[in-house]
Structure formats: structure tokens, C-alpha cells
Amino acid sequence: MTAERSPASASASASAPAPVLEVAGLARSFGAVRAVNGVSFQVRQGEVVSVIGPNGSGKTTTLNLLGGLLTPDSGEIRLHGRRIERLPAERRAELGIARTFQNGRVFASLPVADNVYVGQYAKLKRTRPFPRLRHLPVLRWLPLLAELLLALVQPPTVRREQSEAAARTETQLARFGTRLLPRADHRAHTLSYANRRRTEIARALALEPTLLLLDEPTAGMNQTETAEVLDQLLDLKAEGQTIVLVEHKIDLVMTVSDRVIVMDEGQAIAAGTPAEVRDDERVVEAYLGRRRAQREEASR
Amino acid sequence: MIDTLLAGIIHGNTYALVAIGLSLIFGVSNVVNFAQGSVFAAGTMSGWWLIAEQHWPLWAAIAGVCAFTAVLGLAVNLLAVQPLAKVPPIAALLATYAVSVVLDNLSQVVFGPDTRRFPQALDTLNFHVGGFRFGTLDVVMFAVSVGCILLLGGFLKFTKYGQAIRATAQDSDAALQMGVPVGRVRNLSFMLASALGGLAGVLVGMYNSNISPSSGTAAGLTAFTAATLGGLGSLPGAVLGGLALGIVEAFGISYWGAGVDNLIIFGVLLLVLWLRPGGLLGKVPLISAEPLTGTFLGGGRPIRLRWWQALALIGVAAGVVPWVADDYQLTTGTQVLIFAILALSLTLVSGSAAQISLGQAGPMAVGAYTSALLVGEHGWPFLAGLFAAGLAAAVVGTVLMSPTWRLSGHYVSIATLGIGAVTVAAILNLDWLTHGPLGITAIPPPSLFGHQIITPTETYLLDLTVLLVALGLVVRLQKSFLGTVWSAVGADETALGASGLRPADYKALAYAVGAFVAGLAGSLLAHQYSYLDPTMFSPELSMLALTIIVLGGMNSPFGAVLGAVVLVGAPEVLRMAQDARLLTYGVLLLLLIRFRPQGLWARRA
């Protein structure tokens, strides 16, 4: 085991907030395909960083590596200075990383409210005693059996915590106006596609994450719905939520992001503010160029 | 030494033939075909019929058997697997399980259940080479199975249809887009797999010379182990796994005696799942695509009983039934109650958490033996024995299953199946503790506060009380926050992990609670029957428990009771014979999965 060295923060100026996430030399291959090949970046407190790039450029793999669905072949991921790249997804979530999935993963057979409730379950203290023992083999049965006993007995402290959790669930649902609240009792698989995505975002936010990973939150949404998501993202940003966003809709990315990372063939080919990235030649070539060419053709 | 090795290789070859079929079908249809063992047994029986009764020459009989089992395989695909292609794979898994029960018992009805001699078509000991004796049969078996494996390999590699099969196995959607007739490819695969299974059946029939229609279950499970050992979906793996298993088994038997074969086979199965679930040559998919049950079986919304309805039902069960029913009916009633408890043990783990247990007889057996030994031989009071039975079942089940919870879907079901089988095999071999195949006799009846419970009425009331306690436990947990988390595990493990909860923990907890309840059922069974032996805890028992909750509604605790009344009570009242009963269960399960997957006591969501 190498000793944990302090984060290489020499490049960050003294006035800038501390980095929440530091990624260095991240790599992951599938067989002969180098899906992610040496990606490094930082995300500071309150920043919204978008990852863009053509299909197959490694965006979602990067997000899966950050969220813990995949483990990297090499490279480091630090959350608040702590190495996390070998931790499983649930440990990373406990440490404050919440995420949504590219194709949307709700608990289809559960009501909307329960979906969001499960999102904050990991944070409950009275309901889930001895949280530290949960990471130890065999001894993890102690908290599990305690949880079972509490579920059977349901003492007042636990019931109080449950009703607090229910209230927080409602708050998260209210974030989406009248989209989700009237459907709180509907099972998630009966929802429209857009509402399923909203449920997923609400579930992720219920964890009160220090870092939120969003994988194409507007995929399959029409313009009105996309605009709505944009508003919500701007609200989150105003609340100070740190976000890593993978997204294809360039207008949305350019509006909401503090910084943009452009990926192509597993590598970060450019990074900077939206304006910088927009003018970067390599980016235009790899990604935007085709669109520009199309637009010019269309305007002719 | 060399003798043992040769025996191992020859056995292993036939395992490989059946295992190849399993892996081929798993590859192209993503289904673990539990009917493969039954097709094997059908091969043995039809081979016997053609050679012994119709006096066909050997080569014609083999051709006939292969043709027959190929058609059988086609029927399995068309009737059980194909119609369920669009729903989560657990449906097809259960359907093939049901088909295997139907085929086995149909074969028993047609041929009669007794063991018979397979005519000796080839010499067995006519060669002497360097001190070893072997026969034409050994040579033919080896040559035929190796020949078939090579032929299949060549077919897959060099022909257009072989290419289509490989393409479908790799990605059926992409294959379909490229114009591969995926439906026909699947039919062809089932026919090929089943013809190989039938061929293996004839060969093994000749080799063992004593055959019976019920040999399919064991053969199927063995092949299953071989395929898993090699890596599910990998054909070279199936050959390798079959050979390795045959050799390990042959040496095991030569060192420890014939009784250990099942212990070895299922021990190997569990070890593979613990240590290297992808097997020697296969691999487990990186990111699980879809949850196994998804909205299929979990989609049913259990019908809620109102408190006064529940109270009225309890009143009838406790206050009316004991006074109007005669002793025979009450004894039937106790059977229903015990099986209701056993089925209830699946509600949380298989219903809510969607981990299909195919071996619930395992924990039940642990509970039964624990209680019988503690109360019968160590003088524990009955209630302590009952509680210890639940506890022991939970602990043993939890320990055996713990390494497998990081897996999901098929692999978990395979592990539960292995645990059911390994428990019985262990009981059979732990002579000093369990008296092995002789079993335990003279188990005292339950006694409470110095009063022995002997009459059917008292026994009925005791069982009813335990059922109500178990129902209370399950309903309370299902309605609690844990119930919500369990449903979330069942709906999508990956999403649960992303929410900061360890899916393996909650799956294990649901299984532990289920094993506890199954242990209670085992204890009641032991003290009521007053004797125990390992054959009572057969795969059929696990199958019955599962059928009961599929019938009643997997999510519904009350459905488990209702299912037990229908499936255990009705056949008893109608005095159905055992094979007819199992045949009915199989057909019923098949029909339910196809036409009413949410069960009786649930609405479609």
C-alpha cells in the first residue's frame, strides 16, 4: 500500500475552492478497445463540469468508472482527497457520489415515492445502526440483524426517522413541480420516459450527494422537457451542487457548464470554459465540425 | 489408478455431451434449460424401448433416439421457451423446470417407474491391453462422444448455420438485424442439444445397464455442474468441464465410496460459483443488463386482505375447521399448513427480492434434522428445538450462500439449487450425526408445557399457530422499510448499489429470513412424521414450494397459503397418485407462467 499523498493542488490557485474530485491517468479497456485511455481532470466545489464527445468516445465509461460500476485498469480517483477507485459503487455512494444512468434505471415495480425513499435510505441513522461494521466481513451481520429487528419492532425513534424521510421524499418530488407529486403512488414503470428520468434524478438527489453524476439526463426528451431540465440544472447549480454531466445537447451544455471536457477515442482532447472549447480547432474537428458543416449546408 | 482415470474420462465424455447442449442453449437463448436432463432420460428410455422391445439394431436405435429427442427439444423450445422470449429470463427458466417435471413424470406414466435392464448391445470386457480390461462398449462410447463433439465443433465453425448460431450467441439482436433467422437458429440449437442429450442417454443406459425413467434429474444436475464448471455458454468449456467432473468424481468414488458422488458433484458446483462463477472458460457479464424478474413476476399487485377479512379467515381456520373436519381431513390440513409455511419462506426472498430459490428443501432439511436431533436425542424442549431449527437453517443457508450473493440472476438460482442438493448429499454422508440413508426414527411428538401433542386436532392447531406467527413475521417485514429495500433489490440491483446500499447484504438477509421460516416448517414435519430420511427433501419438494407461490402470487404472503391449499390439499382430497400429482404440478406451473404470471392472489399491475 502506498501512503496517501496530499492532492497535487499546486495548480489550483489559493482562492479557488478545494477540488471535490480529482481524476488522474484514468484508463479502462474492454478487450482490445481502450474505452478510456489516460483521462485526468478536476472538479471543484460547486462546479458544473460537462463531458462531451462523439458516441463511443468513452464518456459513459468515464462516468461508470467514477460511480464505481466499473473499476479502472489504472489511474486514480480521489473524492475530497480520498482514493476511491477500488471501492464498490455502494461505498462511493455512501461517500457522497450519486448518479443517474444513461438509459435510466428506476425501480420499476416500486411507487415513485419509494424510489426516492430508497435513494436516502443509506443516510438513515436510527434505522441502520452500526454503519461502520457494514464494511467488515461477517461482522456486517450485526448491523443487518439489528436492522431486521428494528424493522420488526419499529420503536418510536425509528418511526420518527421514517416520517422525516417521507417528508424529505416529498421535498425532492416537489422539485419537479406537478410532474411527480401527483404520481407519487404510481409504480415507476407506468410513468412516461421523461418522468422516469425525473424520478431517477430525484432519487439521486435524495442522497444529498457532494457530487452528482448525470448521464444524458435529457436523452429522449423533447425541446420543452429539455428546457425544463436545463432550468432544474441551473437551480441545482445555484444551490451549489457539484455536478459532472455527460450530455449530447450542446446548447444545454454551453449554458449550464463552468467547464467542458471534450473526449474522443478514450482521451480528453480539450478542456476549458464553454467559450474556449467552442473555438478549439481539435474540438471542431472531432465533434462540432460535423455539425457546423451540416448547419452551413442547411443554411445555404 | 489408470482404471479410475479411464472410467472418469468415459463418464466425463457423456457429461460433456449433455453439458454441451446446455451451454449451446444458454448461448443462443440465454436460458438455463432444466429440461435437458429429462431429454437425456427420454433418450435412455426410448433407446431401451427400441432395442429391448422393438429389437432394432444398435445403430438404427441410436438414430431413432436422436431423431425423437430432437423433436422433443423442438417441442420444449416452441412450447416453453419461445413464447417467453420477450419477458425476463426467469420465466423461461421456470418454464423449462416445469417441462422437466412434466417429461419425467410422463415417462414414468408411460414406462412405469421401476428399474429395468438395458440389453447388452456391445461387449464390455473383451479387450486386454497391458493389464487393463475394457470392452467394445467403452471404445464405442468414447469414439461416438468424441466424434459428435468434433462434428459439432466443425459444424459451428465451418457451416453457414453454424456461423448463424455463433452470431446469435454473441448478440441475438445484432444477428437479427443482419438477417440471421434467429427463431430458426434457436429451434436448430434446441434440436441439436437435445439430440446430443438423447445420444448420451442411450450411451449411459448401455454403460450402467440398469435404467429407470427418473434418472433425468440427476443427469441434468450433473451436466449443469459440468457446464457451469466449464463456463456457461462456452462449448469447449462444456467439454472440459464434463471431463474434469467425470475424472474428479471417479477418483472421489474410488477413495471414499459410491455414496459421495452427489456430494462431490454439488460441492464442485458450489465451489465454482464461490470462486470462479464464470467457470474455467466463460465469463460473467460485466454490467448486468436487466434484472432477472423485473416487472414479470413482481408485476402483480397482491390483493390486500382487510383486517376483518383476515380475522374471519383465522376464525374459520382455528374455530370452525377443527370441529367439522374428521381426523383424515385434519391430517391433510396439517400437510397444507406445513407446506404453506415452506412456501411462505419464499415470499420475501423470491417474491420481494426476486432471488429465485430452487432449493428450499435444503434449509427445510437442516431445520428438520436439527429439531429431531436436539429434541429426540438431547432432550431439548420442543419450542427450543423449533426455534433452533429455524436458526440452524438460517445459519447454514447463509454460510453456504454467502459467497454467491455478489452474483445475480441465473447464477443465484443455480447456487440455491446446488445448496438444496448438497444439503441432502451431506445428510446422506454424515452418518455419525444423521444416520445417513437410514434416517432418524422415533422422533417424539411435539410437547408443550408437559403436554404431548398427538391428536390431529392438536397438531393442526399447533401448525396453524406457527403458520400465523410466520405470516405475521413476513407481512410485518414486507410492509416495513426493509420490504421496500428488498423490492428495490428485486427491481434493480445496480441502481440500489448506486444509492449506497450493498445489494448482496439485502439479498442475503432476505434469504436468511426465508431459511429461518423453512427451518420452522422442517421442524414441524419432523415431529409430526416421527421419522426422517434424506429422500424426503428431494428437488421435487423445492419445486412444489416454488409452484405454490407462483400459483398464489409471489409477492403475496396470503397467496402462499392459498397456493398450498390448492396444490397440497386438493390432490390429497382427490387421492391422486404421486406421479399424476407431480405431472399436474408441472403442467400447472407451465400454464401459470404463460398465462397468469402474477398468480391467483394478485392483480396485474
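**Exercise 1. State how many helices and strands chain B has, and compare its radius of gyration with the globule rule.**

Solution. Step 1: chain B holds 25 helices and eight strands, where helices (H or I, at least four residues) and strands (E, at least two) are DSSP runs, numbered from the N terminus. The model is predicted: local features need pLDDT of at least 70, side-chain atom pairs count only at pLDDT 80 or more, and totals for chains, interfaces and linings use all residues. Residues are numbered from 1 along each chain as its sequence is written, while chains are lettered from A and ligands numbered from 1 in the order in which they are written.

Step 1: the radius of gyration is taken over C-alpha atoms, and the globule rule is 2.2 Å times the number of residues to the power 0.38. For 605 residues the rule gives 25 Å; chain B has 24 Å, which is close, so chain B is as compact as a globular protein of that length.

Step 2: along the principal axes, the C-alpha atoms of chain B fill a box of roughly 70 × 55 × 40 Å.

**Exercise 2. Find what share of chain B is buried and what share of its contacts join residues at least 24 apart.**

Solution. Step 1: a residue is buried if 20 or more other C-beta atoms lie within 10 Å of its own, exposed if 12 or fewer, and partly exposed in between, with C-beta atoms placed from the backbone. By this count, 59% of the 605 residues of chain B are buried.

Step 1: two residues are in contact if their C-beta atoms, placed from the backbone, lie within 7 Å. Among contacts in chain B between residues at least 6 apart in sequence, 81% join residues at least 24 apart.

**Exercise 3. Describe the side of chain B that touches chain A.**

Solution. Step 1: 27 residues of chain B are in contact with 32 residues of chain A. Step 2: on the chain B side, the elements giving two or more residues are α19 (456–479), α20 (481–491), α21 (493–498) and α22 (503–529). Step 3: α20(B) gives the most, with seven residues. Step 4: by class, this side has 12 nonpolar, 11 polar and four charged residues. Here Ala, Val, Leu, Ile, Met, Phe, Trp, Tyr, Cys and Pro count as nonpolar, Asp, Glu, Lys and Arg as charged, and the others, Gly among them, as polar.

**Exercise 4. Describe the packing of α9(B) against α11(B).**

Solution. Step 1: helix α9 (residues 216–230) and helix α11 (residues 261–275) of chain B pack at about 30°, with axes 9 Å apart. Axes are lines fitted to C-alpha atoms, for helices over the stretch in contact, and angles run from 0 to 180 degrees between N-to-C directions.

Step 1: α9(B) and α11(B) are therefore roughly parallel; angles under 35 degrees count as roughly parallel, over 145 as roughly antiparallel, 65 to 115 as roughly perpendicular and the rest as oblique.

Step 2: the crossing of α9(B) and α11(B) is left-handed. A crossing is left-handed if the near helix is turned anticlockwise from the far one by less than a right angle, and right-handed if clockwise.

Step 3: B:Thr222, B:Thr225, B:Thr228 and B:Leu229 of α9(B) meet B:Ile265, B:Phe266, B:Val268, B:Leu269 and B:Val272 of α11(B). This contact has six nonpolar, three polar and no charged residues.
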